[in-house]
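Me: Hi! I'm new to this one, could you walk me through it? Here it is.
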Amino acid sequence: MSTSEVMRIPAGARRASGPPDNEPAISVDGLSKSFGEVRALDGVSFEAAAGTVLGLLGPNGAGKTTAVRVLTTLLKPDEGTIRVVGLDAVRDAVELRERIGLAGQYAAVDENLTGLENLTMVGRLYGERRATAKARGMELLENFDLVDALKRPVKTYSGGMRRRLDLAAALVAKPPVLFLDEPTTGLDPRSRLDLWNTIEELVADGTTVLLTTQYLDEADRLADTIAVIDHGKVIADGTPDTLKDRVGGERLEVRLADTGATSEAIEALAPMSDEAPVAEDGVVKLTVRGRTGTIVEGVRRLDDAGVEVDDLGLRRPTLDDVFLSLTGHVAEATDDAEVTS
Amino acid sequence: MSGLVSDTMIVAERNLVRLPRAPDLLLAFTVQPVMFVLLFVSVLGGAISTPGYDYVDFLIPGIIVQNIAFGGFVTALGLNEDLHKGLIDRFRSLPMARAAVLAGRTLADVVTNFLSVLVLLVTGLIIGFSFNANTGEVIGGIALLLLFGYAFSWVFALLGLIVSSPEAANSVGFIAVFPLTFVSSAFVPVESMPDALQWFAEVNPFTVTVDALRALWLGAPAGNSIWGAIVWSFVIIAIFAPLAVSRYRRAAGR
């Protein structure tokens, strides 16, 4: 069928099948969805350019999963316009399903089927012939390092293996847009790292990814742009860097070899910052204006002043800082509190 | 439409392939009914008077009808599991015919029901059941059983989509269907029941279907039972299939 043929074309050319001209691969405008009294999404807007990763970041219950379910045509929105690869998620839902892949926080595979049987079934449901679907399944099992488990029912797989199979199932039709709903929740660090690498490879090949996560390091590592969602609203968006800049610039931290030299150090570094440096337990901290050349300048100034340095580094604000300053609460505080979708 | 047919076959195949790999479930649908047959015939058989028939001849059609109605349990359990493990979400995100998930699921039941009818018939023949029928009537009886079982698959499909867990499906289904099978002509003649129960037992689809099967297999007077059984099956499908489909749409879109 056409989707799979399209996908063998190099990434750049693939946009022919995607959104026309410069339309983003994903664009959501004013999306609202209520369940009874609960307003799960309240006028959410975001977009993702083709070939980039958009991270929806927020605590459990923020509305991330609802957003994914609307974008993948599982739920109808109450209000708002949703376009994915140039198709309307409501009006063109049937056509859209051929262009998207969905993998979730639960491995949605049949535990009593083998890995190959699962992938073959999905391929056939995309309209492929059995032999073609099976060949594609084998290819994916090889890519995802699951060949050894080819003939074993999925119930014998580890958590990481199931998640890889789930992701493989989402990739059967080589979709240009991939939705990953908390793909690494509950995975051990090693499997998590493996999955990150896989996602990065997919993006390098031109796939657009929408990823929901409650892990800030995950968004920081994978996402080109981030929309921070809390209580059904986008409370901030931008690149990880711009979000961090909103919390404040970078901090230069200098640990002195001799605390007696604190005042000399402060005097030497003061011209680098708009605010006065502060000293705490022999560590001098100052907010600097830019990043480039800061460390070299700091070392030179301290050396000129004859101050001996034990350690010196730039500390950037993390997304934890961002989340805390935006919402007033810590992002992962509700971890495991709500496991249902 | 061809998409619906092929997708239905793919889903049905999936449900059949996985079945032998859940041995506990398989046990419940083979060993358990055989055990019931043996217990009824040996323990109750001597105490129940069935004028005109040996109890084993009387019982086999009854217990096969009861058993096939419960064949849909696989659907209730399977759909409930699919719903809670996210598989329904996967299906719904695929460009497949939406009705195929339920149609394929219930179609798979027809195959397993056929096997369980064979198991029970062979058991019956071993312990002394004998047909008083020609080949056409034997086959007609099996076809009627499969139709009746298919109708109940839709009842169980609805159940599986409503309840919160497979355990709940188990107990609710049992409580709802088990009494129906007992207040019927399946195990004892209806005439032996109190008046109020008799009235209910006579219109009960189980009685109608069991009577139809006895007419086909034992040469008992058919009355309207054969047509009645066919009509009952279609009525059940007409009521429960749309309910299950609409519930599927809502449950999956939750």
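Me: What follows α5(A)?
Reply: Gly127(A) comes after α5(A), and the phi of Gly127(A) is positive, near 100°. Keep in mind that this is a predicted model.

Me: And how many residues of helix α5 of chain A are buried?
Reply: The count is 11 of the 11, so the helix, residues 115-125, is largely enclosed by the rest of the structure. Among the buried residues are Glu117(A), Asn118(A) and Arg124(A), along with Leu116(A), Leu119(A) and Val122(A).

Me: OK, new topic. Which residues touch the most other members of the largest nonpolar core?
Reply: Those are Leu71(A), Val84(A) and Val65(B), in a core of 149 residues. Helix α7 of chain B, residues 135-162, gives the most to this core, with 14 residues.

Me: What is Val84(A) in contact with, leaving aside its neighbours within four places in sequence?
Reply: Its contacts include Leu71(A), Ala25(A) and Ile26(A), and also Leu96(A), Ile100(A) and Val177(A). Ala89(A) is one of them too.
There is also a second, separate core of 11 residues, with Val254(A), Leu256(A), Ala268(A) and Val284(A) among them.

Me: Now the two chains. How many residues does each give to the contact?
Reply: Chain A gives 23 residues and chain B gives 19. On the chain B side, α1 (2-17) and α5 (87-93) each supply at least two residues. α5(B) gives the most there, with 5 residues.

Me: How does the side of chain B that touches chain A divide into nonpolar, polar and charged?
Reply: That side has 8 nonpolar, 8 charged and 3 polar residues.

Technical notes: Residues are numbered from 1 along each chain as its sequence is written. Chains are lettered from A and ligands numbered from 1 in the order in which they are written. This is a predicted model: local features need pLDDT of at least 70, side-chain atom pairs count only at pLDDT 80 or more; totals for chains, interfaces and linings use all residues. A nonpolar core is a set of buried Ala, Val, Leu, Ile, Met, Phe, Trp, Tyr and Cys residues joined through C-beta atoms within 7 Å. A residue is buried if 20 or more other C-beta atoms lie within 10 Å of its own, exposed if 12 or fewer, and partly exposed in between; C-beta atoms are placed from the backbone. Helices (H or I, at least four residues) and strands (E, at least two) are DSSP runs, numbered from the N terminus. Two residues are in contact if their C-beta atoms, placed from the backbone, lie within 7 Å. Ala, Val, Leu, Ile, Met, Phe, Trp, Tyr, Cys and Pro count as nonpolar, Asp, Glu, Lys and Arg as charged, and the others, Gly among them, as polar.
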